[in-house]
Amino acid sequence: MMAGSGRIGNGMKRRALFFTIDALIAAMIMIAGLLLITSSYVSEQPKSMINTMSQDMLNILSELQVWEVNNSYIQELYDNGSIKDWNNTLLGQIGEFWANNNMSLAEDFAMNVSEGMLALHFGYSIIMDNDTIYSRTNPVKNSLVTSKKLLTGIQKSKPIKGYIAKARATAVSKTTSLVVPFAPAGAGWKGSAAAPGVVQVIKYFELPDVSIINASIYLSLHLDRGSPNWDIVTMNNGSCILSRDNLNLAPGSEGVFRVFRLNSTCFNIGNNSIRLDLRNLGYNAHIHPGTFLLINYNQTDAPEMLAWEHSERLYFDNINSTEGGTGAGAGPWVIRPFHIPTEATNISVSIQVAGRGIRDYTASCTPSRRFWGWGSNHCMRDYDYIIFLNSGTPFDSDDNPVSSPLYSYSPSQTAPYIINGTNLVAVYFNNYEDTVWGQGTELVYSDPINNASGSSYVEVNYSSPPALPYGVIEIRRVEDFGGVPNYTKDTSFSFPAEAEGVSSVFVHPVEQYSYITEVYSDTGFPPGNRVFQSPASRAVPSDIYVPLWTLDRTPLMPNYERIVEASWNEVLPNSTVDYGFYIKGFVGYGEVFAAWGEAVDDAVARLQQVLGSYVNASDIVIENTTMAGVPSLWGPAVAEVRVWD
Amino acid sequence: MFPEKAVPRKAQVWYTDFMVGVLIFSVVVITYFYYVEHTSYSDETLMSSLISEAKAVSNSFVTRGYPVDWTAANVTTVGLTDGDYRIDSSKLSDFNSWGYEERRGYLHTTKDYYFYLEYLNGTRFNELCEDPLAGCVAWNSSYNLAQNTRLLIYDSKVVRAVLYVYQQP
């Protein structure tokens, strides 16, 4: 400052210059500061000794086992049963006494095993969850340090051995639904009032041992009223009958959709058959998409493990076409859908088609003996048999069939045409679309009860990873689309909270007149993923597979399904979405209870919660397992050693 | 009134100032290091250092050492236990078989040490450097002595591992 003042006085101010005296003063300050810092450094109070003492004592107590201490006091405790586990650690034994509220014994034991470890000038205490078990009460003069350790399996006032239980349902009574769809099929061609063309469709299906809650048959048919009344639906050879008059078919009308409730007495446990007898005076009688049985029932079932390998033989319905009068013809046709999940691999599909009474039509190919199909005219005599597989062009045909032909297609032949999703096989004998050239009585033959190997069927094999790796119960729900008829119909559904996994989802369109039907599925609205489109005109099955990847399988999240009929014919509100999900049939170990009965009751309650409203609790068989001595029953408790001097 | 022509108003270092600055800086640095080098530790500082050393060495005893299953042939760092506070007799035997300087080397300390085990009733065993003639420096004549005791298990019994670290005045 002095030098600075001098320079100001000399007119040499505001210069970036060092001045000797200033610099020397600064240097002195720096040196003094360094020396001060160095000399004033205060080392940390040496606490390492006491610190490791608490840690060492705690670790020794938790490492050393009771049998190792081997003194007379401990031997006495063991002999009188106070110590039950000779291999318990010292800390564990202290904790056990503490948990049993035996504080006096805990104190004596802790004192016995810890005294002598530390020099007498140290004070220390052994603490469990803030309860002081034992303390050497020297006054704290300098430092106090503490070490802690978690002890699992013990808790104050809880027994060391508790009970836990798990439950597994070996049999449940579930409420579920079954849909038995009829694929479109025909036809009774033309005919007259006195001698109508007739088609009889016989479907066989199996019903497990169930208690039917309610059942309905959805009929979407094309037929003529005719003059005399006749039985249209015959179940199990007459156990239930629906006649033409029951359908209240108006004179002149052809397309009809009806829903009838069926009594449980209509059904058999095991094999069932339904015969549809459709007649017409002109055109042809046939089944429209949307004909199916819906059965809601209670069933005693057992959880089952889901398999990797899937194999099923799907029989065609037996289609019997009988020629009517006045120049009518005969010629059966049928659609057989089958489904392969998106994630399926090793797919193998074989097809067998059997006919009866098939005509080898040999008349010359005049214009009137031709039909229009897949983009051009064809001679009738060249196509007495036609089969389509997922395509609008034939997969195979025959111009020279025998009377009872049998056509077989191996997996290697079908493989190029198979898709993951809904597959369609369409079979025609002596007819195609609105043209017929058969006669007498002709059949697409199928009788799985009496002649399984000679019947028409599709055999499907594939591998698919199980949705869940443990035993499950499958539940199926069926919900109407609702609303009013429209060529575009939408609905939404959610899997319930109980659903652990998803089985499969189908859409069942109900239509009176169909041409090209599309189905869309998505997690948002409007649904954007097209999951099905008719491969050919009128190729509309009654059940359409919805790939699971288009769905949100999270319980209670919405899924949207849409049916669109491209011809702008109406899709009826009775169309349904049929979704299946899995409920797990067990619960694991739950809370720990002091009494065996409480653990069992808890397991039963938890199992019932998992099964939800779809399974009748009164019919559950519970399998209980109890476990004792589980190390993680309660707690953890905090064991603490404090040491001070 | 006029700016001084001989000294332009620019930030600059004059040669003389620079030399003075370097000189002052050198003086400060030399003074500091001279002070540090020639000022002996206080007793308190030395004790603190010895306590830290004792703590480090005794901590090493409680570990398994390195490699964890070390032998006299491959040892890098000495530890005497199985990792659970139980003294490994094989490791202890190897440790005892070395000479004083060799042990000190494996303990990674430059200080002198004295080590023994002691049952809770006070009976000592495994006493190393009890005899100064075995290469050890007499510990009980040292003025600067730090001690650390750890609790270990030896043959199912609680023992004290007592370590003295010291430095001759």
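Which exposed residues does the face of helix 10 of chain A turned away from its buried side carry? That face carries A:Gly597 and A:Gln609.

## Basis of the model

This is a predicted model, in which local features need pLDDT of at least 70 and side-chain atom pairs count only at pLDDT 80 or more, while totals for chains, interfaces and linings use all residues. Residues are numbered from 1 along each chain as its sequence is written, and chains are lettered from A and ligands numbered from 1 in the order in which they are written.

## Helix 10 of chain A

Helix 10 covers residues 596–611 of chain A. Helices (H or I, at least four residues) and strands (E, at least two) are DSSP runs, numbered from the N terminus. At 1.5 Å a residue, the 16 residues of this helix should span 22 Å. The expected span is 1.5 Å times one less than the number of residues. The end C-alpha atoms are 23 Å apart, which agrees.

The buried residues of helix 10 of chain A are A:Ala599, A:Val600, A:Asp602, A:Ala603, A:Leu607 and A:Leu611. Seen down the helix axis, they fall within an arc of 170°, so they line one face of the helix. The arc is that of the directions from the helix axis to the C-beta atoms. A residue is buried if 20 or more other C-beta atoms lie within 10 Å of its own, exposed if 12 or fewer, and partly exposed in between; C-beta atoms are placed from the backbone. Just after the helix, A:Gly612 takes a positive phi of about 70°.

A:Tyr589 sits in the loop between strand 37 (586–587) and helix 10 of chain A. A:Tyr589 counts as partly exposed because it has 17 C-beta neighbours inside 10 Å.

Leaving out residues up to four places away in sequence, A:Tyr589 touches A:Ile164 and A:Lys166. Two residues are in contact if their C-beta atoms, placed from the backbone, lie within 7 Å. A:Ile164 is 425 residues from A:Tyr589 along the chain, yet their C-alpha atoms are separated by 5.9 Å.

## A four-stranded sheet in chain A

An open sheet of 4 strands in chain A has the order 29-36-31-34, with antiparallel pairing. Its edge strands are strand 29 (472–480) and strand 34 (544–545), each pairing on one side only. Two strands pair if DSSP finds at least two bridges between them.

Strand 31 (residues 501–508) of chain A is joined to strand 34 of chain A by 2 bridges, and the two run antiparallel. A:Val507 stands opposite A:Ile544 in strand 34 of chain A.

## The largest nonpolar core

The largest nonpolar core has 177 residues. Such a core is a set of buried Ala, Val, Leu, Ile, Met, Phe, Trp, Tyr and Cys residues joined through C-beta atoms within 7 Å. A:Met57, A:Ile94, A:Val334 and B:Val165 touch the most other members. Strand 4 (residues 157–167) of chain B gives the most to this core, with 7 residues.

B:Val165 touches B:Leu50, B:Glu53, B:Ala54, B:Val57, B:Lys111, B:Tyr113 and B:Ala146, not counting residues up to four places away in sequence.

## The two chains

Chain A comes to 10 helices and 40 strands. Buried residues make up 40% of its 645 residues. Among contacts in chain A with a separation of 6 or more, 80% are from residues 24 or more positions apart.

Chain B comes to 4 helices and 4 strands. From the N terminus on, its elements run α-α-α-α-β-β-β-β. Of its 169 residues, 24% count as buried. Residues 24 or more positions apart account for 57% of the contacts in chain B with a separation of 6 or more.
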